[in-house]
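Here are my notes for a colleague opening this entry for the first time. Please read them beside the view below.

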Amino acid sequence: MLKVVNRVLLGLIGLVLVVLGGSVLAVGLGANPPSWWIHDSRHDVLLDDAERTRWEDHGWWWPTVLAVLAVLVLLTLWWLAANLRRHRLTEVLVDTGDGEGALLRGRALEGVLANEATGLDGVSHAHVRLTGKRNAPQTRVRLQLEPHVDPGAALSHLTSEALTHARNSAGLESLPTEVRMRAVKHKAERVS
């Protein structure tokens, strides 16, 4: 969701800036603007004194300006916090059975899962990322498969071996996983 919001916001801001900048450049180079446009000629300024002080005497002007600026600042801070927030799970809570629990480093579990997945037949590379909560982790696994491997068999081996070992060793009831597979690029084989 955050990627979509970032792309839409950046696209809209970029479009507005290109349109405004292009129009100012066109008017500055001598193009005739429409009658409703903000610039009349190449010697016109963006805001003259009359336009700048037009609404100052009205009682609603400054509260409205401050409210709009405050909303913009809050939206910007929300966007910044959403982009800086960590999406990777740093630790997993392991139930030890004595009511205390232990913490398992997320990167350690990711590394073990990736190594075990890479060791499966036909998997050339594996990347694992833990997300979710400490007591209910989720995994995202990306596998690069050799050209000869059946994706169904690779998925079956991943779930029955690597993910089952990880779930059992961390004492988790379930370990929801999203798996993405793609084939390794290779040259065409010569047939004789």
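1. A definition comes first. Glu110 sits in helix 4 (residues 106–118). Glu110 is buried, at 6% relative accessibility. Here buried means under 20% relative accessible area, exposed over 50%, and partly exposed in between (1.4 Å probe, protein chains only).

2. On the basis of these notes: this is a predicted model, where local features need pLDDT of at least 70, side-chain atom pairs count only at pLDDT 80 or more, and totals for chains, interfaces and linings use all residues. Residues are numbered from 1 along each chain as its sequence is written, and side-chain values use heavy atoms, with hydrogens and water left out. Helices (H or I, at least four residues) and strands (E, at least two) are DSSP runs, numbered from the N terminus.

3. How many salt bridges does the structure hold? There are two. The term means a side-chain nitrogen of Lys or Arg within 4 Å of a carboxyl oxygen of Asp or Glu. One joins Arg134 to Glu91 (2.9 Å, N to O). Arg134 is in the loop between strand 3 and strand 4 and Glu91 is in strand 1 (residues 91–94), so the pair ties together parts 43 residues apart in sequence. Arg134 is partly exposed at 38%, and Glu91 is partly exposed at 25%.

4. Arg180 and Glu178 form a salt bridge as well (2.9 Å, N to O). Arg180 is exposed at 55%. Glu178 is partly exposed at 36%.

5. Patches are made of residues with over 30% relative accessible area and no salt bridge; like charges are joined within 9 Å, nonpolar side chains (Val, Leu, Ile, Met, Phe, Trp, Tyr) within 5 Å. Helix 1 (2–28) and strand 4 (136–145) each supply at least two residues of the positive patch. Arg129 belongs to strand 3 (residues 123–133) and is partly exposed at 32%.

6. A nonpolar surface patch of about 460 Å² is built from Val16, Leu20, Ile38, Leu46 and Leu47. Areas come from the Shrake-Rupley method with a 1.4 Å probe; for residues, only the protein chains shown count as cover. Leu47 falls in the loop between helix 1 and helix 2 (49–52). Leu47 is exposed at 52%.
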